[in-house]
Amino acid sequence: MGCAQHARLIWRLLVATASASSLVGPGAVGSFQGGGGGRRFGGFARVTDPPVGFFLGGSSIREMNGLYSREHRVPWGFSHTFTFSYRHDYTGWRMCLVNAPEDVTKSTGRHTEWVLIDPDKADRFRHDGDQYIPGSGHRWSHVHRTKDAQPNVKAGNAVAQAVEDDEEELPWQVVGVSAEDMMNHLKRYFNFYKHEVQAAIEGSKLPALPMGGKGRATAPPEGFQPPKAAIADEADQSDSCSEGHASFANAEAELQELQRQGGQVHFDWSLATLQLRLAICHRRSKDFDAAQQALQASLTLYPRYAAALEEMGKLWIDRGVYEQAIHSFETLLRVDRKWPTVAGWLVRAHTLQRRQVEQFLVEKPEVLKGRTEHCIAWRQTGGCSPTGLLEPTADKSCKAVIVAGNSGFCQCVSSGSRGKSGFAPATAAESNCDHGPFTCAEQCQERSKAEAGLALTAEAAQLASEVSEAVDAQACSLLRGGEFPDWCHPNLYRVLGIRCDFPAAEDGDELKRAYKRRSLQFHPDKPGGSAVAFQRIADAHHVLLDPEKRKAFDEGADFPRKVEQDGSEGETQKEEVEKKYFPENFDFQPFGDPQSDRREAKARQERQLEQRRQEALAREAHQTKRTDL
């Protein structure tokens with residue numbers, strides 16, 4: 001259901017919040033607001049009849065969340081005196097308006113109370129009564145009573161706050177449904193949600209299960225003893241491919257020995273595990289073709305070998321082919337839904353793909369097709385100036401005729417002026433909007449001849465230099481069509497030339513070596529060095545060195561979140577991907593995020609506390625200054 005449908009539903013439902021203004025009774029007028037999921041309409045609704053049902057959300061007790069339908073018969077087996085009772089459609093939880101115990105009436109002045117009762121008929125939470133619509137969040141509290149609703153002697157009184165009470169268990173969203181047709185609509189929507197969950201679990205939208213090979217096994221059989229060379233040395237992760245019993249050389253030798261002995265069935269898993277080990281070592285040494293060949297050999301034996309499928313996904317990530325990485329991890333998910341790392345890798349692959357799409361410009365097909373020996377493309381700029389801002393959507397093929405009204409320059413293959421970064425483009429035909437027709441194929445060829453021996457005029461050389469300097473800071477945006485240097489990529493692992501799963505060791509040896517190698521390669525004082533590249537490499541190292549920053553980068557925490565129609569924040573990148581593949585881990589939320597109002601209140605409180613702290617510091621500093629004087 002989209003946001004617009006959410007809004008239409010909300011306009012037709014009674015929604016309760018934890019605010020005092022939401023307390024409504026028979027015939028009374030109360031506020032018509034949101035109970036979580038963002039700000040709602042703030043008008044009024046007259047409550048003359050009890051709701052036909054409720055929706056509860058936001059509790060960490062997932063069985064308590066969901067739709068509650070009104071019961072027309074008194075529940076059996078309870079000592080409560082019921083005014084109304086609503087039963088969860090699936091789990092057996094009840095939300096009831098009952099006569100309050102005597103001590104509660106004395107302390108609150110109310111003769112009724114709302115209680116949430118678990119399937120074992122134990123009161124778990126309470127809310128003040130004498131109203132049709134209870135609030136949400138902190139308006140509820142834990143109760144500690146026996147099943148017959150009498151005070152628990154050990155608790156001290158009927159409603160006792162225990163140290164271990166967890167506010168996460170409270171219902172942070174309570175929505176009263178006033179119309180039967182709306183209740184039926186919500187039930188249909190919930191059935192659709194359940195259908196989507198079941199489809200995800202069955203893998204109906206995932207790649208087909210791999211077939212063939214030696215069978216359907218996803219891992220070596222229990223009791224299997226892998227060859228020594230197939231076992232990575234956990235105590236020496238940083239260099240286990242070059243030395244030790246799991247080294248590349250030992251794996252190769254043991255694999256050759258097994259192949260000489262023949263293809264006996266009991267050797268199949270040995271061969272598969274050794275090929276996987278070889279693939280890991282080839283990927284570490286960046287021999288991606290050899291790594292892929294080894295993985296294909298392993299998966300030919302056992303097409304559903306989960307560890308090999310995971311390694312294939314990592315290989316595609318290191319190669320920068322994120323669509324294939326997603327396919328590999330989706331296949332792994334289809335093979336083994338409980339594989340411990342599959343959710344994390346799916347999030348990372350989708351995040352990298354999104355970074356590439358949003359931050360990494362790709363050359364238009366017609367521009368790629370029009371390249372010549374000397375010319376790459378016409379680069380359009382704004383403001384009728386060749387040094388204006390780049391306008392990539394208006395780039396043209398080398399063979400296209402550039403007519404008056406277009407400003408920009410031809411990007412050439414020849415060396416030309418490279419700017420301070422060393423990566424600015426070689427240019428020709430640097431033009432404002434007032435010029436005759438030309439093609440970049442001809443202009444780059446002429447510029448190539450000039451650089452080969454015929455000197456440019458002073459005016460042309462000066463303009464070329466100015467254009468190169470103007471686009472110097474945007475060097476990555478010009479090197480499209482597979483010509484980007486690694487330091488330009490939005491994938492920070494590729495910036496440093498390090499594998500996507502390098503271990504976060506305390507000493508950080510692998511990361512340290514990668515950073516040192518890249519820094520030396522692009523140091524501004526070295527030939528071919530670049531200040532832009534050097535800074536980009538330093539920034540990547542800063543992020544990947546910090547475990548929290550690395551995790552945030554992997555999960556796309558920096559991506560802006562959508563703003564929903566009701567003003568609330570949408571899902572994070574991580575939540576979007578996980579909800580796509582694991583909807584069973586997310587509650588049914590027809591009214592948006594139940595925790596949004598709570599988070600906003602907490603953030604507001606933190607801002608107020610910080611403001612008071614800053615004011616106190618300012619007063620203290622002012623007082624100190626006066627004392628010094």
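Helix 9 and helix 17 are roughly perpendicular to each other, a label for angles of 65 to 115 degrees. This is a predicted model, where local features need pLDDT of at least 70, side-chain atom pairs count only at pLDDT 80 or more, and totals for chains, interfaces and linings use all residues. Residues are numbered from 1 along each chain as its sequence is written, and side-chain values use heavy atoms, with hydrogens and water left out.

Back to that helix pair. The axes of helix 9 (residues 342-359) and helix 17 (residues 547-555) come within 7 Å and cross at roughly 70°. Axes here are lines fitted to C-alpha atoms, for helices over the stretch in contact, and angles run from 0 to 180 degrees between N-to-C directions. Helices (H or I, at least four residues) and strands (E, at least two) are DSSP runs, numbered from the N terminus. On the helix 9 side, Val347, Arg348, Thr351, Leu352 and Arg355 meet Ala552, Phe553, Asp554 and Glu555 of helix 17; contact means heavy atoms within 4.5 Å. Sorted by type, the residues of this contact are four nonpolar, one polar and four charged.

Three strands form an open sheet in the order 12-14-15, with antiparallel pairing; two strands pair if DSSP finds at least two bridges between them. Strand 12 (375-381) and strand 15 (426-431) each have a single partner strand, so one side of each is left without a neighbour in the sheet. On average, neighbouring strands are turned by 20° against each other, direction ignored. Here are the two pairings:

| Strands | Bridges | Direction |
|---|---|---|
| 12 and 14 | six bridges | antiparallel |
| 14 and 15 | four bridges | antiparallel |

Strand 12 is mostly covered, with seven of its seven residues buried; buried means under 20% relative accessible area, exposed over 50%, partly exposed in between (1.4 Å probe, protein chains only).

Gly436 sits in the loop between strand 15 and strand 16 (438-439). At 42% relative accessibility, Gly436 counts as partly exposed.

Finally, the cores. A nonpolar core is a set of buried Ala, Val, Leu, Ile, Met, Phe, Trp, Tyr and Cys residues joined through side-chain atoms within 4.5 Å. The largest one has 67 residues, of which Tyr305, Ile317, Trp487, Ile498, Leu544 and Tyr581 touch the most other members. Another core, of 19 residues, lies apart from it and includes Leu56, Leu97, Trp114 and Ile133.

Notes: Angles under 35 degrees count as roughly parallel, over 145 as roughly antiparallel, 65 to 115 as roughly perpendicular and the rest as oblique. Ala, Val, Leu, Ile, Met, Phe, Trp, Tyr, Cys and Pro count as nonpolar, Asp, Glu, Lys and Arg as charged, and the others, Gly among them, as polar.
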